[in-house]
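Welcome, and thanks for taking a look at this protein with me. Please keep the viewer open while you read the notes below.

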Amino acid sequence: MDAGFVGDAPVLLAKPQTYMNLSGESAGPLAAYYKLPLNRVIVFHDDMELPCGVLRLQEKGGHGCHRGLKSVINHFRGNREFARLRIGIGRPPGQMDPKAFLLQKFNATAQERIDAALPEGVVALRCILFEGLTRTARWFNQEQKYKYIRSETMST
């Protein structure tokens with residue numbers, strides 16, 4: 001866990017030390033200990049429904065069958081009113097089992113896309129502090145949509 005400031009805004013960055021599917025066991029007590037209102041929490045997680053390397057900001061929502069997110073919601077006492085920064089990892093190729101896909105290492109292309117996306121996520125998180133979540137999500141998600149369209153156009 002790291003604590004610090006972005007400008008004058010205090011921030012706390014924590015990576016659960018549990019299995020992904022049990023992330024709530026870390027996130028719930030951490031938010032409770034620091035008395036964080038959930039509208040000040042942003043959960044960063046993978047998403048198979050997004051193309052690899054594409055990011056999305058979401059103000060709130062369900063777990064979408066993501067077991068780690070389900071755990072977080074359960075440990076936030078069922079409250080879904082927290083933001084998420086999702087990073088796409090894409091769908092499993094062919095008939096590959098989704099569980100096996102989630103547990104394998106990324107191939108070189110996927111790793112490059114994810115590595116390139118992470119600094120963009122940092123920019124989004126910084127913007128949230130100064131512009132607010134709603135405004136940042138509107139701008140950021142539009143930028144990510146164009147990024148995806150450009151990458152698809154270039155690959156064909």
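Cys-65 counts as exposed, because its relative accessibility is 72% (exposed means over 50% relative accessible area, buried under 20% and partly exposed in between, with a 1.4 Å probe and protein chains only). You will find Cys-65 in the loop between β4 (55–58) and α2; helices (H or I, at least four residues) and strands (E, at least two) are DSSP runs, numbered from the N terminus. Although Cys-65 is not a glycine, its phi is positive, at about 70°.

Before going further, please note that this is a predicted model, in which local features need pLDDT of at least 70, side-chain atom pairs count only at pLDDT 80 or more, and totals for chains, interfaces and linings use all residues. Residues are numbered from 1 along each chain as its sequence is written, and side-chain values use heavy atoms, with hydrogens and water left out.

Arg-77 is another residue other than glycine with a positive phi, near 60°. This arginine follows α2 and belongs to the loop between α2 and β5. Arg-77 is exposed, with 81% relative accessible area.

## Helix α2 and its surroundings

Helix α2 covers residues 67–75, and its buried residues are Gly-68, Leu-69, Ser-71, Val-72 and Ile-73. What do the buried residues of α2 pack against? Their partners are α1, β3 and β5 (83–88), where contact means heavy atoms within 4.5 Å.

His-45 sits in strand β3 (residues 42–47) and is buried, at 8% relative accessibility. Not counting residues up to four places away in sequence, His-45 touches His-66, Leu-69, Arg-84, Leu-85, Arg-86 and Ile-87. His-45 and Asn-21 are 24 residues apart in sequence, with their C-alpha atoms 11 Å apart in space.

Ser-23 is placed in the loop between β2 (9–13) and α1 (24–33). Its relative accessibility is 9%, so Ser-23 counts as buried. Leaving aside neighbours within four places in sequence, Ser-23 is in contact with Pro-16, Thr-18, Gly-68, Ser-71 and Val-72.

## Salt bridges

How many salt bridges does a search of the whole structure find? The search finds four, a salt bridge being a side-chain nitrogen of Lys or Arg within 4 Å of a carboxyl oxygen of Asp or Glu. The table includes some of them.

| Pair | N to O distance |
|---|---|
| Asp-47 and Arg-86 | 2.6 Å |
| Lys-60 and Glu-81 | 3.7 Å |
| Arg-135 and Glu-131 | 3.1 Å |

Asp-47 and Arg-86 meet in a salt bridge. Asp-47 lies in strand β3 and Arg-86 in strand β5, so this pair ties together parts that are 39 residues apart in sequence. Asp-47 is buried at 12% relative accessible area, and Arg-86 is buried at 16%.

Lys-60 forms a salt bridge with Glu-81. This pair links distant parts of the chain, 21 residues apart: Lys-60 is in the loop between β4 and α2, and Glu-81 is in the loop between α2 and β5. Lys-60 counts as partly exposed at 47% relative accessibility, as does Glu-81 at 44%.

In the pair of Arg-135 and Glu-131, Arg-135 is exposed at 55% relative accessible area, while Glu-131 is partly exposed at 43%.

## Helix α4

Helix α4 (residues 108–131) has 24 residues, which should span 34 Å at 1.5 Å a residue (the expected span is 1.5 Å times one less than the number of residues). Its end C-alpha atoms are 35 Å apart, which agrees.

At the start of α4, a side-chain oxygen of Asn-107 comes within 3.1 Å of the backbone nitrogen of Thr-109. Buried in this helix are Ala-110, Ile-114, Ala-117, Gly-121, Ala-124 and Ile-128. Val-123 is also in α4, but counts as partly exposed at 41% relative accessibility. Val-123 and Met-20 are 103 residues apart in sequence and 24 Å apart in space, C-alpha to C-alpha. After α4 comes Gly-132, with a positive phi near 90°.

Terms used
Polar contact = N/O pair within 3.5 Å; in protein donor to acceptor, adjacent residues only side chain to side chain.
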